[in-house]
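Let's take a walk through this structure, going from whole domains down to single strand partners. Have a look at it first, then read on.

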Amino acid sequence: MSKNTEFVKFDKVDKSYDGKVLVVKDLNLNISEGEFITMLGPSGSGKTTCLMMLAGFETPTNGEIYLDSNPISNIPPHKRGIGMVFQNYALFPHMTVYENLAFPLRVRKVQKDEIDKKVDKALSMVSLSGFESRMPAQLSGGQQQRVAVARALVFDPAVVLMDEPLGALDKNLRESMQYEIKHIHENIGVTVVYVTHDQGEALTMSNRIAVFNDGKVQQLSSPDKLYEEPVNSFVAEFIGENNTFGGEVTDISKNVCKVKLQNGEILANPISVNSKGDKTTVSIRPERALINPKDKMDNNQTGKIEEVIYHGDHTRVRLDLLGNKEFILKVPNSSNELDLKLGNEIKVGWNSQDARALDPK
Amino acid sequence: MSSETKQILTTDGIPLEISLKKAERKNKIKAFLLVAPLLLFLIITYIFPIGEMFTRSIDDKMITNMLPKTFKSMETWDGKELPSEEVFVSFLSDFKILVEKKEHGKLAQRLNKEKNGFNTITKKLFRQVKRNKIDETQSIKEQIMKVHKRWRNVEYWQAIKRTAPPYTSAKYLKAMDMYLNEDNKITQVSEDRRIHRILWLRTVEVAFFVTVFCFLMGYPIAHLLATLPMKYSNLLMICVLLPFWTSLLVRTASWMILLQQQGVVNDFFVMIGLVADDNRPEMMYNKVGTYVAMTQILLPFMVLPLYSVMKTISPSLMRAGKSLGGTPFVAFWKVYFPLTIPGIGAGCLLVFILAIGYYITPALVGGASGTLISNQIAYHMKTTLDWSFASAMGLMLLGGVLVIYWLYNKLVGVDNIKLG
């Protein structure tokens, strides 16, 4: 059985609230069946609006959304059969855990013993068996979150939407819940559309990530590609840490280009530059630049140590390199003794392949 | 078990509890001093007057003090046949003192209330005493009995005996259209004189329906207030609160202008052809007027508690209800409505309690069929000056409210009330 790669389809969707500003611009997005896709972006980037349009609480100003090839713009939320986990859980405070979970089944007129079975199964899935008669207020934040997840899944929806569900939890709990949700997704194979502004969350959980900014999808790809191969400087900046140089292309071939900086010249990988004279921002991940490189690398520079911060498993070194005083290096805390002292000059090298020449900022 | 646990001592060896009390004492005194003025105010303006009202409503000491010897000698009288000579002697001596103090008129009035006919025979006796016609050496009983034949009737002496206790429940019984008959049994007054019970029932009925109308009209307004964006909801809030900024009297008067037979509303009905010009409905000086005016005046008391509760209900709950497959109605009925019950309870209780004691509006627009028990209380306060009766009715009203509060607590739970 081949999976439907256009299970959820945003087709040229625009959304404006006031008729003046477009919150979502010409969104085209295909989500395949059983996929875990994350909409990632800063607040105000339009990601939550997309989710609300899919859930049916907002209508697209233009364009159409398809669910399993059926247009859904005219279907009210309660007939879409889409489960949703809300930011603040939205558990019904006057109902017990059991009643909360039974709600979607009762409105679907499911038989009583069938309800019992499904609620049981859903609760054991989030390891909350035995909590049926508790009220939501008697549960911890993490438990409430799990009840909300179970409630969104209990009626076997085709798609589950999650709107920053872990935002209110503390760091440790958030991480364990990430794995838990990921495992639930893997076990039952439901299509999940997940909205977050936390890139760590997005990278750990998703099959694919859609990075939103300014109402547009900037890049849609798998987590590793997103991190290793950002297609523009917004994505490079937004995902992970990043060292940048602004400059101008002076020479360009197929795989490498020369970029002239304020005081120096480096070799870079031309991604979104085409010809000589293009302005560009070169982006290098901190872990791709090495100190005293043993292998031959095509970029070799010398920088002055401005700051050293101990992080336990690694040390962050801030350099003044080629006029960029915010050049960050990550040095693993292995036994090799490096002379990391303030004011010392050190040699730094990286491959031109890892220095991506993107659009100018 | 707790008694077995070892007493905990502080490092200085003082028991922990005592040490804690010592440390907290200063704060407690401070806190008490802060609330003391309010407490004093409450005692003076609330608890003390209610106590005063209560004693006034059951007080019957006046006659007890007028006929002390008579009542003393009556203690041994079985009340079946005419009392003995001794009772007559003491009655005469009490009466003489009253005549000297010129208080015999009051006695006649009080006894007449107990049984009709006392006025005449007391006056006759007074004349005899005044002219010194009573010979103290002869049998007093015979002489008094000769004054008027009613003094020979045992029922009149029974009536005197009934007034002996210093306290009476007569006012309460009267408010229920009942009285104590000759045999000390609670009896209903004749049917054509039962006015109070109708008033009580009507008061409860009006209060109930005003509460229902306020709820029906207030719920959507409160919901709108809670969900509209700030700039609109502020304006709407001002509209809701506007009645509070106008005097109650002015508001009631404007309802009179609107509702009277030649008033604005009737003119409008005639204009659109809803009613004929010579057949204008009466919307005032009856229950309709009371309902309309009271509902409008009490509406804010329903809207505000509802609003404050609805404000706290997250809109995502309704969304959750819908996304889980509930129709908008199911989401409202199963999710939103149950969460507003504390506000409904508070609003209904508030409106009902205010309505049950409402005075000005029914007095002005109620007419004969729209007046309530509070108007009756005012009538006895101002016109008949029967303050003890007014007190009794006031206390019954208070008791009724307490009963409703108790019922509410049993059914919904007072902890669930939310006034904002």
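A quick word on domains: their bounds here come from an automatic or database domain assignment. With that in hand, chain B splits into domain 1 (61–164) and domain 2 (196–416), while chain A splits into domain 1 (8–233) and domain 2 (241–358). Keep in mind that this is a predicted model, where local features need pLDDT of at least 70 and side-chain atom pairs count only at pLDDT 80 or more, though totals for chains, interfaces and linings use all residues. Residues are numbered from 1 along each chain as its sequence is written, and chains are lettered from A and ligands numbered from 1 in the order in which they are written.

How far apart do the domain centres sit, taken over C-alpha atoms? The table has the values.

| Domain pair | Distance between centres |
|---|---|
| Domain 1 and domain 2 of chain B | 54 Å |
| Domain 1 and domain 2 of chain A | 39 Å |

Next, contacts: two residues count as being in contact if their C-beta atoms, placed from the backbone, lie within 7 Å. Inside chain A, four residues of domain 1 are in contact with six residues of domain 2. On the domain 1 side, those residues divide into two nonpolar, two polar and no charged. (Ala, Val, Leu, Ile, Met, Phe, Trp, Tyr, Cys and Pro count as nonpolar, Asp, Glu, Lys and Arg as charged, and the others, Gly among them, as polar.)

The two chains also meet, with 15 residues from chain B and 18 residues from chain A taking part in the contact. On the chain B side, α15 (315–323) and α16 (328–356) each give two or more residues, and α15(B) gives the most, with six residues. Helices (H or I, at least four residues) and strands (E, at least two) are DSSP runs, numbered from the N terminus. The chain B side divides into seven nonpolar, six polar and two charged residues.

Now for the strands of chain A, which pair if DSSP finds at least two bridges between them. One open sheet has four strands in the order β2-β1-β4-β5, with antiparallel pairing. β2 (22–31) and β5 (70–71) stand at the edges with a single partner strand each, so one side of each is left without a neighbour in the sheet. Within that order, five bridges join β1 (residues 8–16) to β4 (residues 62–67), and Asp14(A) has Asn62(A) as its bridge partner.

Elsewhere in chain A, β19 (residues 345–350) pairs antiparallel with β15 (residues 290–291) over two bridges, with Leu290(A) opposite Gly349(A). β19(A) also pairs antiparallel with β16 (residues 299–310), over six bridges, and there Asn299(A) is partnered with Trp350(A).
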